[in-house]
Amino acid sequence: METDATIALSALAAALVAGCADEMAKNGDTWWDAYSPDTAFDTGYDGGLDSGAWPDATADTLPPPEDEVEADFKEPRASGRYVFVANSAEDYVVVIDSKTLSLEIVNVGRNPLGVATHGLVDAAMVINQGSRDVSIIRKSSLTECVVNTLPSVRGLDRIEIAPTGASAVLFHDFDLAMAPADGVLDNFQDVVIVDMGGDEDASFTRTCGYMPREVEFDDSGENAFIVTRAGISRVEFDRVATDPDLLPTMPYPPGVAEMVTDVDIDPKGTMAIVRLDVYSESTSVWIMDLVHAEHHEIVLPAIPYDLDLSPAGDFAVAVMPTISQVALIQLPWSVTVPYQTFEVVGLYAGQAQVSDDGTRIALFSNQSGEERIGVFDVEARTLDVFRLYKKVETVAFTPDDSILAVIHAKEIGPALDPTDYEDVADHSYGYSLVRVSDGYVKQQLTDAHPEPFLVHPHGSRIYLLQRMDSIDVREVQVIYTDTFVVSTLKLGSPPVSIGYVPDSDKMFVSQEHSSGRITFMDKDENMQTITGFELNDWIVE
């Protein structure tokens with residue numbers, strides 16, 4: 001139990017650390033320079049909670065490795081004014097004006113899917129799987145589109161557009177479960193590079209490493225990095241047209257390719273940080289120098305169960321639950337001080353999520369069964385532990401980093417005691433909003449699994465789709481981030497996806513309907529629905 005003296009010393013230590021951080025900031029230094037790798041940090045932990053410690057922790061007695069659930073809380077890529085919807089059966093794309101709700105039918109190749117847009121540019125790209133080509137659709141006026149179709153290859157299903165909007169990479173995502181149509185793939189390494197920045201659009205088929213998984217870009221948008229199961233392939237967009245060779249691929253460190261789990265590339269495109277599978281029992285993370293083609297091994301004191309790179313690429317966090325510690329790895333990597341550790345007190349941490357501004361790290365677990373979340377302040381070096389009311393599935397910061405959205409895990413089956421509020425809550429779907437500044441928690445129970453989320457770019461509202469066909473749940477929840485009040489809006493059909501159109505400041509919800517249905521919603525929750533556009537015979541409700 002903490003005594004008054006202990007609490008006072010902890011507060012003093014936290015104040016001293018914060019003061020040192022402020023002083024170093026004035027001198028142009030960082031807190032990396034002031035501490036040894038073995039420093040154990042004060043947690044600022046609320047002594048009113050029980051310790052949450054896992055005694056005699058070993059890999060055999062701890063919960064299993066974390067189930068890393070991807071939850072996208074960010075704004076989807078959208079056109080400035082228009083919504084593009086592919087009709088795979090009829091081989092055209094519907095272009096909807098979000099301001100006037102007028103529609104245009106644009107013919108493309110056979111079996112179009114995988115529509116992608118970029119920022120405020122009123123254009124879209126779509127993969128035509130049936131005709132093995134890709135169509136670029138550009139709005140030339142309020143009533144007309146121009147379509148340019150380029151060669152592609154069979155089996156591609158993902159489009160990633162560079163930050164400049166001038167280039168794109170098309171690939172097959174081998175992290176996804178294999179669908180019956182995937183059986184037509186000729187090989188597992190073809191990708192298509194699309195150049196939209198010149199006088200004429202062009203596409204180039206190239207070969208990357210074995211089985212691509214994802215594509216990342218550097219901040220300039222001039223280079224793409226294709227993460228594959230064999231290594232990292234580099235695409236230099238300004239050389240693709242003149243260099244017909246294989247895409248240069250830097251392999252993973254010798255002997256570990258089959259165990260690679262996490263790969264993150266820094267925004268400058270100079271390095272990648274790699275974690276191996278927990279079951280490999282390796283305590284190492286690897287730095288891949290993408291400029292000099294060198295591998296650097298960092299041996300941690302325990303097995304990292306999760307590895308997360310800060311958005312700025314200036315540090316990575318490795319979670320080591322077997323010793324209740326987290327390691328911070330400064331980037332670029334330092335030989336003298338490769339990492340620093342802090343103790344995690346008050347909860348079991350198996351995963352980490354870094355805020356967009358890199359100032360905070362959320363720590364949690366979806367395997368321990370705990371109803372807690374931790375927020376570590378990177379500059380002050382303190383850890384706050386907040387109690388929740390349900391188990392955690394995954395978390396994400398809102399774009400302004402002021403709120404943590406927590407998706408909860410649901411206990412199997414109905415409540416054993418329908419008169420027990422806690423039992424009912426545990427056996428219900430739900431989510432919580434956690435205000436980072438003080439840990440204020442708003443829990444909301446839902447009728448269905450609470451995804452997907454979409455946060456309004458201004459951060460004032462969060463939109464959540466709800467669907468469960470067996471009990472006829474089809475709705476949108478609007479969560480106001482200033483009051484945490486939730487408003488529920490009913491839909492005419494089961495929702496499929498949600499997006500945002502910047503020019504009209506409207507949300508749109510596409511729905512499952514035999515002839516196509518989309519509902520637009522403004523900031524005042526006024527709704528307009530278009531039905532029948534897939535049959536070219538639509539009505540506006």
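Strands are DSSP runs of type E with at least two residues, numbered from the N terminus, and two strands pair if DSSP finds at least two bridges between them. The structure is a predicted model in which local features need pLDDT of at least 70 and side-chain atom pairs count only at pLDDT 80 or more, whereas totals for chains, interfaces and linings use all residues. Residues are numbered from 1 along each chain as its sequence is written, and side-chain values use heavy atoms, with hydrogens and water left out.

**View 1. Strand β30 and its partners, β29 and β31.** Strand β29 (residues 403-408) runs antiparallel to β30, and 5 bridges join them. Within this pair, Ala405 stands opposite Leu433 in β30. Strand β31 (residues 441-446) also pairs with β30 in the antiparallel sense, over 6 bridges, and Tyr431 stands opposite Gln444 in β31. The hairpin of β30 and β31 has 5 residues between the strands, and Gly439 in this hairpin takes a positive phi near 80°. Strand β30 (residues 429-435) is largely enclosed by the rest of the structure, because 5 of its 7 residues are buried; buried means under 20% relative accessible area, exposed means over 50%, and partly exposed lies in between (1.4 Å probe, protein chains only).

**View 2. The hairpin of β18 and β19.** Strand β18 (residues 284-289) and strand β19 (residues 294-299) run antiparallel and are joined by 6 bridges. Ser284 stands opposite Val299 in β19. Between the two strands there are 4 residues, and Ala293 takes a positive phi near 55° in this hairpin. Most residues other than glycine have a negative phi.

**View 3. Ala302 in the loop between β19 and β20.** Is this residue buried or exposed? Ala302 counts as buried, because its relative accessibility is 5%. Leaving out residues up to four places away in sequence, Ala302 touches Thr283, Met320, Thr322 and Ile323, where contact means heavy atoms within 4.5 Å. The C-alpha atoms of Ala302 and Val326 are separated by 9.7 Å, and these residues are 24 residues apart along the chain.

**View 4. Asp308 in strand β20.** Strand β20 comprises residues 306-309. Asp308 is buried yet has no salt bridge, a salt bridge being a side-chain nitrogen of Lys or Arg within 4 Å of a carboxyl oxygen of Asp or Glu. Which side chain of opposite charge is nearest to Asp308? It is Arg275, at 9.0 Å; for charge, Lys and Arg count as positive and Asp and Glu as negative, while His and the chain ends are not counted. The side chain of Asp308 reaches the backbone nitrogen of Val354 at 3.2 Å. Apart from its neighbours within four places in sequence, Asp308 is in contact with residues including Asp264, Phe315, Ala352 and Val354.

**View 5. The open sheet of β32, β33, β34 and β35.** This sheet of 4 strands has the order β32-β33-β34-β35, with antiparallel pairing. Its edge strands are β32 (453-455) and β35 (486-490), each of which pairs on one side only. On average, neighbouring strands of the sheet are turned by 20° against each other, direction ignored; axes are lines fitted to C-alpha atoms, for helices over the stretch in contact, and angles run from 0 to 180 degrees between N-to-C directions. Strand β33 (residues 461-468) pairs with β32 over 3 bridges, and Val455 stands opposite Ile462 in β33. Strands of a sheet pair through backbone hydrogen bonds, either parallel or antiparallel.

**View 6. Loop residues Arg381 and Glu525.** Arg381 lies in the loop between β26 (372-377) and β27 (382-387), and its phi is near 60°, a positive value in a residue other than glycine. Arg381 is buried, with a relative accessible area of 4%. Glu525 is placed in the loop between β38 (517-521) and β39 (527-531). The phi of Glu525 is also positive, near 70°, and Glu525 is partly exposed, with a relative accessible area of 22%.

**View 7. The cis peptide bond from Leu331 to Pro332.** The omega of this bond is near 0°. Pro332 lies in the loop between β22 (325-330) and β23 (340-343). Most peptide bonds are trans.

Conventions
Polar contact = N/O pair within 3.5 Å; in protein donor to acceptor, adjacent residues only side chain to side chain.
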